[in-house]
Each structure stands twice: as C-alpha cells, then as structure tokens.
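Please look at the sequence and the structure below with an eye for contacts between side chains and for details of the backbone. The report after them is meant for someone who has not seen this structure before.

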Amino acid sequence: MTDSKYFTTTKKGEIFELKSELNNDKKEKKKEAVKKVIASMTVGKDVSALFPDVVNCMQTDNLELKKLVYLYLMNYAKSQPDMAIMAVNTFVKDCEDPNPLIRALAVRTMGCIRVDKITEYLCEPLRKCLKDEDPYVRKTAAVCVAKLYDISSGLVEDQGFLEQLKDLLSDSNPMVVANAVAALSEINESSPTGQPLVELNHATINKLLTALNECTEWGQVFILDSLSNYNPKDEREAQSICERITPRLAHANAAVVLSAVKVLMKMMEILAGDTEFCGTLSKKLAPPLVTLLSSEPEVQYVALRNINLIVQKKPDILKHEMKVFFVKYNDPIYVKLEKLDIMIRLASQANIAQVLSELKEYATEVDVDFVRKAVRAIGRCAIKVEPSAERCVSTLLDLIQTKVNYVVQEAIVVIKDIFRKYPNKYESIISTLCENLDTLDEPEARASMVWIIGEYAERIDNADELLDSFLEGFADENAQVQLQLLTAVVKLFLKRPAHTQALVQHVLSLATQDSDNPDLRDRGFIYWRLLSTDPAAAKEVVLADKPLISEETDLLEPTLLDELICHISSLASVYHKPPTAFVEGRSAGIRKTLPARQGSVEETNAQEATVIPNQESLIGDLLSMDIGSTVTQAAPAAPPTSNVDLLGGGLDVLLGGASDLSSGGVAPSTTGLLGDIFGLSSSPTMYTPPKTCWLPAEKGKGLEIMGTFARRNGQMTMDLSFTNKAMQAMSGFAIQFNKNSFGIAPAAPLNLGALQPGQTLEYNLPLSTNGPVQRMEPLTTLQVAVKNNVDVFYYACQMHIQVLFVEDGTLDKRVFLTTWRDIPSANEVQYTLSDLKGNADAISAKMTHNNIFTIAKRNVEGQDMLYQSLKLTNNIWVLLELKLQPGVNHATLSLKSRSVEVAPYVFQAYDAVVKNV
C-alpha cells in the first residue's frame, strides 16, 4: 500500500494517539507515527505539540525515519527554539556517523534551522564536514555555509568559513567545486557593503575551468555565472577562457548554453572587435542561439528576450539568421511579438525584401494585436532601411486598400512617421489617406491624420473643410487629437491666412475658453498671442523645420544594456530591468557592468564625482596661509555643455529667458509678448539670499563685512559689502580661503582700493572650484581670511549650496529612471515642505531658474509628481521627486544621491527657493 493512506481524514483525539505511538518501543510503530505526523504537517495541521516526542525519535539508525524527523524539525524549530536546542547533541553525533548520507543529512538540516540560539553550536560540526573525506558531505556543507551566512554573516566571517570555502575551489571533486562556487556567489550577492567578499584570481579561474567539464549541468551553470564576474587581466587570458568555454555552447541544457553565451559576450568586450578570433567566436555563437528556438514556447520566449539584448549589443552575430525568426502559425502570441521585434532589429538592405514579404503576410492574420505590430514593423523598416522606404510605402498602400479598419489606422500612424523621416518625398499618397478619413476612430490614428493635413495643408485643396469636420466634435475628441487640431489649424492659417481666419478664431476660442485641459489652454494662449502680435515670429515657430526622426527609438539605454548583458540567462534579461528594480533586498547589491575595452574613450575620459577627503587640522591650515600672496587668475570656465539637454534652450528663447549677459550689463526687458497674459513683470533670476554680517566691526577693528553668495550666468560670486567704521582709512585688501568641501577659491584678486572712514563699498568677488578640497563640518562651511593695512581678520561663513548647482544638471528621462533605480534605497531621504504657494508648474519653473531641472511630470491618483535633477560643481548628481496635492500647502520631497550627505543642504536650498517670492 502507498503512503497516501496517511493523508486520509482522521478522527478526534489524533494528537494523543500519535503521542503514544511515537513513544512506542517498536521501530515500525514509531516510523508509522512519524509518517502520520509529517502527513498532518503537510496538509497544514498544527502538530507542534508533538515536538519533544518527535525529537526523541532522532536516536535511530533508520535513515528513512531520520529524514522524516529532520523534516519535522526544519518546519517547527523556529516556533519552538528552546525545544530545538535538544536536537543539537544529535546533530553533532550524526555529523560523525560512519554513514556519509547521515552526515550530509545532518549538515543540510543544520543549515535549514534558522534559529539564532543554536547556530553557534553548529560551527564545529560544520567545520568538520567541510573537511570530510566524502565529497557528498563536503558539497552539502558548502551550501550550508551560504545558508549560515544568511542567518549570521558575522559568525561565518569570524569562524573562518569563507577561507574554507575558498579552499574547496581547489577540491578534486567537480561537484564540490560547483557547490563552493554557488555558495560564494550567493554570499557575494548578499554582501552588505556592495563589494565582493571573495575576489577570483587567475589560479582559481583555472581550477573552475578544469571542473567545468566534469560537473553536472547545474554545477556548470554556477561555475559559468561565477566566471562571468571575472575580469581577465589581458586579451590573451580572455581568449584562453573563451576557448575553454566554447564547447559548453553545444550543451543540451538551455541554461548552460545561455550562461556560456553570457561569459563569451563579456569576454568579447575585452577582445579587439576586428580580430579573426572575435569573428570566429561570433559565428560560433549563432548556432546554439538558433537551436534554442526549436524548444518549447516558454524556453523560446526566454531565449528570444535574451537574443533581443544580444542583437542590440552585437547585431552581426545573427545577421545571417533572419529566417529562424519568421513567425510560425502555431507560435503563441508572446513568441510572435518577440520574433517580430528581433526581425526589425536585424532588418538590413540585404534581407529587406524577404522581411517585407513576411510582414505583409502577417498583416493578413486574424490576431489583431499581431497585425497591428506587423503594420508598425513595416513603417519601422522604412525608417531604418532608407533604400526600402518606397517599397514599404507601396506595401502600406496595399494594406490600406484592404479597408480593414485597424490595419488602415495603424498604416496611417506609421506613414506619418515616414513623412517625418523623408519630407517632400511621398506626399503624393496623401489623397489616398484622405479617402479613409471617415473610418478613423482611434485617437492616435486621428491625431496622425490631423498632423498630416496640417503639415501639408498647401497640397490639400480642401484642408479647411477636412479640419472643420473634426472641429464639429472637438469637445468629445481625445486630448491628443485636440492638441493636434489646434496646431494643424494654426499651420493652415499661416499658410492660407485669407480664407481661414474664422476657422482659426473658432479653434482658439474652443481651446482657451471651452476647454478644461491646461495643456490645451496654454498652447491656445501662446498661439493666440503670437498670431496677434507678430505673425512672422509665429510662422518661424510653428512652421519651423522639424528634426528627422530615427528608427532606433526603442533601444535600451547603453549603460542599462551593458548591465543586462551581464545578467543574461536570469530573470533580469527577461524583464529587461536590472535586478534592483524587482528584487527586494538587492538595493545594495553588486552592480554588474561590462568591462571597458582597453584604450576606450569611456575608460580615459570618465568624469568622476570629486571625493571629499576627511577634515583634519583646519586652524593650522588657515593660520599657515600666505595671505599676502597673489591669487592666480583662474581660467574662464567653458560654457557648460551636456549631451542630455532635453530642451536645448528652446523653451527659454520662446518664453524670453535671460540671455548670456556680460558682467555689469543691463538685462533688456524679456517679458515680451506673454508678459501681460501671465503677469510677468521682469525676467526671473536665480535666488540670491540676503546679505548677513560675517565680520562685525568690533571684531574687525572697525571693518564690517556683510556678504552672500550668488550665481549669475554660470559664474559663482561672493557679493561683499565692506564698511569702514573706524577713524582711519583702510587699504591693501587681500582675501584667501581655507580648504573646503567643494574646492571654492577666489578666481581673481580682491581689487577693492582704499576704504575711507564711514564709507561702504560693494564688491562682487568671482569664485572658482579649482581650490584644494577637504571635507568640512558642516559641509558648506567656508573659512575666510581678509587682510588690510590694519590686520588680518578670520571668519567663517556658510555657503548657500544652490550656487553650486550647475547649468548642465538635466538628465534624459531614461537615464533618470535607471539612475534612480541603481541608487540604493538606503540613500533615499525625505523632507516635508510647508507653507507652499503655487502649483506644480509654477514650482517647476522657479526651480528651473535655479538649476533644478524638471525631467518629467505625472499625475498619480490626484497627486502631481515632479521628477527633478541637479548636479553640483564636483559632479555629484542629486535626483528629486516632489509629491504635491492640489489645494494642500505642504508637499513631500524625496532625494536620492550616491553622496547622500548633501541632502540636508539641498533640502534647505529647495525650501528657500520655493518660498522666495
């Protein structure tokens, strides 16, 4: 009879009966009783009351009974820690049993009992098992060390288990090596410092590669994953590793194949890309990846997601394998869509004919989602492969003739993108598109059609009638369509002003008076004001040449792609997200990235954030300064540039932002056309706090110094007021700064001249960040020495950190998101802003003038969310998230930075700026 009888429903009083059976002298009765207990435990019954009776059954030679007791012990030890101590002596005894299976069972169970009270008793048995003569016991003990590290990391390090694990890497048995590697990898992953506790070296790598050929498939996965974390010291070593790993590509297990691909992808970064070896390696990578696509659909999908990453990094690997990505009729939809994505990535002039032929076939399928993606794919091919554009447009026109509604709508959306890529080339098809106007019911398709009519209004005779037909239901249209209608009618008016005046007045009235959408209203007001005051300027703005679009808009951001390549064959490569984004507790984990190729630009030109050294003897530094020395004139800083500037200054020009003025110049009025609409009275400038007294007259022998810090047109200054309250004239002024946290130093000598009794002189001292750096407490402290003909005076003041916010502190949206996820959650700080005035847009505008840039704005459950970034002069990036509830005068500001010590000063600056009227 099978063991299923133990799971049948039992009568009342079962616990009492089991108790008596567990204490029976007959071994068979005991075994039957323990099986019943385990069965009850498995179905969720509480049998913890039997703990002492079950533990008494541990003293047996029967392996099956011992396994059952250990299983019970693992389950209930946490809820009965005091009772679990009773089992310690049995563990110690079993670890010295002549039977290796019992020794291994004992050490495995020890690792699973997560009770702090008994872990210290288990160290000695574990140490013995790590040196056991039987490899089965050693491999089990290796895994136990990782489990023990999770319970008490300090204990493992103090007891020297890490060193013993390292010794097991040299073990003669390949399975012991594989388990030791797995344990060390797990320990490295959970390292609280974010730094690897165990570094691999050349000798260890050779031992791992030797064991690789002999261990099981999962052992090979562990070893390959560990090899992927190793950075070879030169190309020769990388080549040697590649040669020894390449045979794994022929393995039957998909996990082994993908792990081998991961190692080879990383090693190819180190190898010079144009070598014969690299070319051969690329050819060897293609067949195993193709073979994975003949597996079951789930494995196919995982393989395709990984291939998607590989193709983005190295498209040449699979450039000749296009046919394997052609969709089969019985593929599940998730496989079809992924194959389609890879087909577009591999599309080139050489294979575009067969790709288009396939895509046209897909567009006649019955699955609506797949058909839509196929039509979009045709448009992406047209944009990516320029010689094929005409053929793609012809294919899209054929699809429009089918009159299938959703096909027509997708075709119009992609044709709009083709027009943007190839202006003045395919406009002859507009008449065909206009024939299908009445069938469009999806917002994106309607918006695309409206854009086409507005952009090419001069080619469409009845453009005004077509747009007028859309205006009839303006209030019911989607916001996307309303915005396009507004812009299209304004374009039409600028091209045919004589006949469309009534139409443009009608749409401006609808947008500004009848709409609740603030985006639509604002755009309406801007167009209205531009058209009413300066039509020529309106023409330049609205009808300006548009930048050509590119196909590769959905590529992953390069640093994220490099990180995901290091996670091939893991869940991260399927999600296309770093592990920190979806695994709790990984915030401080080791971030993997591809090594920089020797001599690469990234390696030589990487700009690191300045490290602030610790504070030492500051008084000595200040007193030893040569106060009479001439300050070296700092070279003028180059205007800040950024490769992630989203707006490129365009918005400042449109709204009349401050231009680059020479010092001492008078800023022209910049309120311009929009001033009277929005109530702007003057050009907004960066907030400068009021001056405070730094050196009172009684301490300065009659010299009083008041000052503040300012930033104007990218230049930091110390704005000083010198007042002579003594009876004699003062002259021979000089100034010097002590070492400070940000390297602030005078950029020019202090040329003040003579200061007569009772006189006050204003002086703006330009500052640079080229001085010596030393961490101060507080961080913004600046110690100053001022000399004149009377004496040398010392004082300390606090810098306002906002003057250190540089003009290129904006980030691309995707870079912002990736960086926010990468920064550990331990580096997130929150602050409450109170007595706020103004909405999210007003705060965003004010912050932009103070070099705190808004990257994105969202509305989540009625809350306005502003995502902002800033950069300090020493290249420390700070990311911010502001949560605003409309109608509430307080808000939550969250900050993330790798240098979180700047947080309180940033919060103080933000508070001061936002409350400044």
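What follows is a walk through charged pairs, aromatic rings, a sheet and a few backbone details.

**Charged pairs**

The model discussed here is a predicted one. Side chains of opposite charge can pair when their charged atoms come close. In this structure the count of salt bridges comes to 32.

| Salt bridge | Closest N and O atoms | Relative accessibility |
|---|---|---|
| Lysine 360 and aspartate 398 | 3.1 Å | lysine 360: 34%; aspartate 398: 38% |
| Arginine 376 and glutamate 444 | 2.8 Å | arginine 376: 29%; glutamate 444: 35% |
| Aspartate 417 and lysine 416 | 3.5 Å | aspartate 417: 21%; lysine 416: 19% |

Arginine 376 and glutamate 444 form another salt bridge, with 2.8 Å between the closest N and O atoms. Arginine 376 lies in helix H22 (residues 368–384) and glutamate 444 in helix H26 (residues 443–455), so this pair ties together parts of the chain that are 68 residues apart in sequence. Arginine 376 is partly exposed at 29%, and glutamate 444 is partly exposed at 35%.

Elsewhere, salt bridges with shared partners join Arg372, Arg376, Glu410, Glu442 and Glu444 into one network.

**Aromatic rings**

A pair of aromatic rings is described by the distance of the centres and the angle of the planes. The search of the whole structure finds 12 aromatic pairs. In one of them, tyrosine 362 and phenylalanine 370 have ring centres 5.2 Å apart and planes at 40 degrees, so the pair is tilted. Tyrosine 362 is buried, with a relative accessible area of 3%, and phenylalanine 370 is buried as well, with a value of 0%.

How are the rings of phenylalanine 419 and tyrosine 456 arranged, and what angle do their planes make? Their centres lie 5.4 Å apart and their planes stand at 75 degrees, so the pair is edge-to-face. This pair links distant parts of the chain, with phenylalanine 419 in helix H24 (residues 405–421) and tyrosine 456 in the loop between H26 and helix H27 (463–471), 37 residues apart. Phenylalanine 419 is buried at 1% relative accessible area, and tyrosine 456 is buried at 5%. Together with Trp451, Phe419 and Tyr456 form one aromatic cluster.

Charges also sit over rings. The charged end of lysine 336 is placed over the ring of phenylalanine 370, at 5.2 Å from the ring centre, while lysine 425 lies over the face of tyrosine 422, at 5.4 Å from the centre of that ring.

**The sheet**

Strands of a sheet pair through backbone hydrogen bonds, either parallel or antiparallel. Here 5 strands form an open sheet in the order E1-E2-E3-E6-E5, and the pairing is antiparallel. Strand E1 (692–695) and strand E5 (745–746) are the edge strands, each pairing on one side only. Between E5 and strand E6 (residues 760–768), which run antiparallel, there are 2 bridges, and alanine 745 has serine 768 in E6 as its bridge partner.

**Backbone details**

The peptide bond from glutamate 777 to proline 778 is cis, with omega near -5 degrees, and proline 778 is found in the loop between E6 and strand E7 (781–787).

Serine 569 is not a glycine, yet has a positive phi of about 75 degrees. Serine 569 is located in the loop between helix H32 (558–565) and helix H33 (571–575), and is partly exposed, with a relative accessible area of 29%. Asparagine 713, too, is a residue other than glycine with a positive phi, near 50 degrees. Asparagine 713 belongs to the loop between strand E2 (703–712) and strand E3 (715–724), and is partly exposed at 47% relative accessible area.

Conventions: Residues are numbered from 1 along each chain as its sequence is written. This is a predicted model: local features need pLDDT of at least 70, side-chain atom pairs count only at pLDDT 80 or more; totals for chains, interfaces and linings use all residues. Side-chain values use heavy atoms; hydrogens and water are left out. A salt bridge is a side-chain nitrogen of Lys or Arg within 4 Å of a carboxyl oxygen of Asp or Glu. Buried means under 20% relative accessible area, exposed over 50%, partly exposed in between (1.4 Å probe, protein chains only). Helices (H or I, at least four residues) and strands (E, at least two) are DSSP runs, numbered from the N terminus. Two strands pair if DSSP finds at least two bridges between them. Rings of Phe, Tyr and Trp (its six-membered ring) pair if their centres lie within 6.5 Å; planes under 30 degrees apart count as stacked, over 60 as edge-to-face and the rest as tilted. A charge sits over a ring if NZ of Lys or CZ of Arg is within 6 Å of the ring centre and within 35 degrees of the ring normal.
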